[in-house]
Amino acid sequence: MFSRIVTAVLAGSIALAAILWREPWGIIVLSVLIFLLAGAEAAHLVGVSPWGLLAFIPLIPAFGMPESLSNPFNLSILWVPALVGLLVWSPKRMWSSPGIVIWPAAGLASGLLLQPQFFSESASFAPNLLLLALLPLWVGDSLAYFVGKAIGRHKMAPSISPNKTWEGAAANLLGCLGAAYGIGAWLGVPLAASIAVGLTTGILGQVGDLLQSRLKRLANVKDSGTILPGHGGVLDRLDSFLFSSYPSLLALYLLAPELFHVKQWPW
């Protein structure tokens, strides 16, 4: 437990520093690093070479450019194959492996489009919508862990993730909704959009977690990696965000388009 808490504090602090930094370089460097680590873990889980990831590095800032925000549905180019790969992959369907390998790219590119440096004409005054898509997941995951430990009785998906319970899942959803409501109010996000993000993170975040647990079961491993003591790999920590960030982006864009103000790319 001690190593889990220390890792969460250190990794969370680094992530928040990059997200809150007014210059875009911090979040870009962090996104590329996460993409390489998470992509390599995903490639290992499905038994393909991770070297192909290098070809996708330019896609992260490319899909994070403001021109993409004029139609965020462009990200479906990455999201759809990733979704299909996660849903149908098995050792007999190796054709779906590339989708799983680019799954981190879809999630991270969506995260970039929620950073004010990439969508606002005045980033200093724009709401940091990435906080709204990310922090509820942390709150929900923490509540699910402690509630599940304390009162969890009914197993949610014992063949995939034996420790998950319906009681913990309910706590996760309520935590995401509450956090999204509070953070949305603080950022000035319309209530409907905040609730939509709360539902997206609370439901799809857990779906992403279960899908990644299924991959680990099929690969016969406990964790996707070992780089994060107490947590496992990068995918073990970010699977919920990588799966829910694109739907969160779409929910915000559709329900609160006034929050987005496209500007020219800084270079």
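Reader: Why is Lys216 called buried?

Author: Lys216 has a relative accessible area of 12%. Buried means under 20% relative accessible area, exposed over 50%, and partly exposed in between (1.4 Å probe, protein chains only). The value of 12% is under 20%, so Lys216 counts as buried. The model is a predicted one, in which local features need pLDDT of at least 70 and side-chain atom pairs count only at pLDDT 80 or more, while totals for chains, interfaces and linings use all residues. Residues are numbered from 1 along each chain as its sequence is written, and side-chain values use heavy atoms, with hydrogens and water left out.

Reader: What makes Lys216 and Asp236 a salt bridge?

Author: A salt bridge is a side-chain nitrogen of Lys or Arg within 4 Å of a carboxyl oxygen of Asp or Glu. The closest N and O atoms of Lys216 and Asp236 are 2.8 Å apart, so the pair meets the cut-off. The pair links distant parts of the chain, with Lys216 in helix α11 and Asp236 in helix α12 (residues 234–255), 20 residues apart. Helices here are DSSP runs (H or I, at least four residues), as are strands (E, at least two), numbered from the N terminus.

Reader: Why is Asp236 called buried?

Author: Asp236 has 14% relative accessibility, so Asp236 counts as buried.

Reader: How do you know that Lys164 forms a salt bridge with Asp209?

Author: The closest N and O atoms of Lys164 and Asp209 are 3.0 Å apart, which means that the distance is within 4 Å. This pair also links distant parts of the chain: Lys164 lies in strand β2 (residues 161–165) and Asp209 in helix α11, 45 residues apart.

Reader: Is Lys164 buried or partly exposed, and why?

Author: Lys164 has a relative accessible area of 24%, so Lys164 is partly exposed. Asp209, at 14% relative accessibility, counts as buried.

Reader: What makes the pair of Asp223 and Lys222 a salt bridge?

Author: Their side chains meet at 3.8 Å, N to O, and this is within 4 Å, so the pair counts. Lys222 is exposed because its relative accessible area is 70%, whereas Asp223 is partly exposed at 29%. The structure holds four salt bridges, among them the pairs described here.

Reader: Why is Gln117 called buried?

Author: Gln117 has 7% relative accessibility, so Gln117 counts as buried. Gln117 is in helix α8 (residues 116–119). Gln117 and Arg22 are 95 residues apart in sequence and 7.1 Å apart in space, C-alpha to C-alpha.
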